[in-house]
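Welcome! Please have a look at the sequence and the structure below, and then follow the short tour by topic.

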Amino acid sequence: MPAMLEDPTAPTIYRTSGDMPYPLPGAALPAGIVPRQVTLRDRVTIATIIPFSSPDQVPITLLAYLADQLSREIEKGDTYPMIDPLPLESFGPYWFGVFGAVMILGDVLNIDEVHHMSRSGCDWEKACLGSFYIKPNYPGRSSHVCNGGFLVTDASRNRGVGRLMGETYLEWAPKLGYTYSVFNLVYETNVASCRIWDALGFKRIGRVKGCGNLKSYPGEFVDAIIYGRDLGQDDDFVSEERFDKIRFYLKNGKYPNGADRAEKSRLRSAATHYKLIPADGDRPEKLVLKGKEVISDPQRQYEIARTVHHKSHGGINKTTAAIAEAYHWVRIKETVSQVIRNCPECSEMNKGLSAMRVQQARVMSSPQASITPTQPSRYQPRREPSRSPSPSDQLQMEAAQHAQMTDPVPRFNNNNYDMPVDPALMDGVHQTTNLEDLPPSPFLTAGRGLPLPQLSSLDSSAPVARTNEDTAMAGVEERAPTAREELRRRLTRAGYRTSPNE
Ligand SMILES: [Zn+2]
């Protein structure tokens, strides 16, 4: 999971902008950056993430093991841009020169214990799960913007190690004085890595076309994503895990492993609002907040949103409100928007609407035709927070695809959807066959000979530049993608290659 930009053999850059104090090589770490106990994906295995502020603090056997792991990753030729492996003497300053962390199996107290493990001949291949660094991404006046490099060791793939290191990165980087994080180069084919950054609230702030000449993709150039993220913002990306912790606390009457004092206090206060209803026969255990069932599993969230939406194909607000009567999770609206975008029936309707608008535009551009002017519609393009696909999206897309296959005939048998339909516009469309019969419009007569109004300017009440996420239903030039196109777009973005003819 690389994010490097600089020459790995260049001298170390320290942070010299942002909040004081600036770090000194090997100096004591800021308060709050202490060995952190974490639980792996199996919810049983304990590991500890140990922070280091200089390569000298890392036992040489561990340093050598990590250098070897990075070299292997470089030699695989698919994730890091370097071609030649780094020698051990360059690896130390490159990885641990400013700040580095190592994830080690078990409950490890401190650096001394790591040295003790090393002296006792510890097999790092088994004990070391991964490592990451945090360092300035730019020099001097911009050195308060940081960069991270991540390494998940061979033995510890698919155990949630990358995600746990990513969460710890987000917790520690602001404490080290950084305000923003940039990953310069994440090849799009590195799906595991992209999923983690998408899920942890990083934004895709750029794409470098054809940036990677990678070993597994001979004869083609792979795009690289630039990720950016504010540090220290409200981090509700951990919300799912938070619900699990509340559940654990209510059930067992004790704090989960690794809870610090602040977390314990949060849990005690949360426990007064939440109730745990024990399992009963076939009915599973439920966590309830003010009478609403808490749903922390993204797949269940999606299923619920889909079921509720499919009852009436309601719009985003209506569906969200209906769900919120019985359920609680963070960002219900976002789940709903995803469901609607994936809904084959709603997307058929989008297509119909777009076709009507195109027709409308043609009518308006014809000098002979006249038509009742459309008032600026109150319709605004959806302004969902642009979130990139998360690991659960894959399942959701499959679900959408399945729905499309099993129910190929779009049903228009209810008008119960709150689509942004401009009544004047629809009137015009319904009467396109006898437009000539309509009285001439004073609006168009006056405006004849002037540049054509752009239909998309109806959207100009939204001051923010539109992103790709927002183009669904946005107007003539940007017709809403069909479910199939949307699926292809997402798959491509998630690193799956799709041929345009499939
Ligand atoms: Zn629908």
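Asp68 is found in helix 1, which covers residues 60-76. Keep in mind as you read that this model is predicted.

**Asp68 and its surroundings**
- Asp68 counts as partly exposed because it has 16 C-beta neighbours inside 10 Å, whereas a buried residue would need 20 or more.
- Asp68 and Pro85 lie 17 residues apart in sequence, and their C-alpha atoms are 8.5 Å apart in space.

**Helix 5**
- Helix 5 has 15 residues, residues 161-175, and at 1.5 Å a residue these should span 21 Å; the end C-alpha atoms are 21 Å apart, so the two values agree.
- Is helix 5 largely enclosed by the rest of the structure or largely open? Eleven of its 15 residues are buried, so helix 5 is largely enclosed.
- The buried residues of helix 5 include Leu164, Met165, Tyr169, Leu170 and Trp172, and Arg163 and Glu167 are also among them.
- After helix 5 comes Gly177, which has a positive phi near 95°.

**Helix 10 and helix 11**
- The axes of helix 10 (residues 316-324) and helix 11 (residues 332-342) come within 9 Å and cross at roughly 125°.
- That angle makes helix 10 oblique to helix 11, and their crossing is right-handed.
- On the helix 10 side, the contact is made by Ile316, Thr319, Thr320, Ile323 and Ala324; helix 11 brings Ile332, Lys333, Val336, Ser337 and Ile340.
- Sorted by class, this contact between helix 10 and helix 11 has six nonpolar, three polar and one charged residues.

Conventions
Residues are numbered from 1 along each chain as its sequence is written. This is a predicted model: local features need pLDDT of at least 70, side-chain atom pairs count only at pLDDT 80 or more; totals for chains, interfaces and linings use all residues. Axes are lines fitted to C-alpha atoms, for helices over the stretch in contact, and angles run from 0 to 180 degrees between N-to-C directions. Helices (H or I, at least four residues) and strands (E, at least two) are DSSP runs, numbered from the N terminus. Angles under 35 degrees count as roughly parallel, over 145 as roughly antiparallel, 65 to 115 as roughly perpendicular and the rest as oblique. A crossing is left-handed if the near helix is turned anticlockwise from the far one by less than a right angle, and right-handed if clockwise. Two residues are in contact if their C-beta atoms, placed from the backbone, lie within 7 Å. Ala, Val, Leu, Ile, Met, Phe, Trp, Tyr, Cys and Pro count as nonpolar, Asp, Glu, Lys and Arg as charged, and the others, Gly among them, as polar. The expected span of a helix is 1.5 Å times one less than its number of residues. A residue is buried if 20 or more other C-beta atoms lie within 10 Å of its own, exposed if 12 or fewer, and partly exposed in between; C-beta atoms are placed from the backbone.
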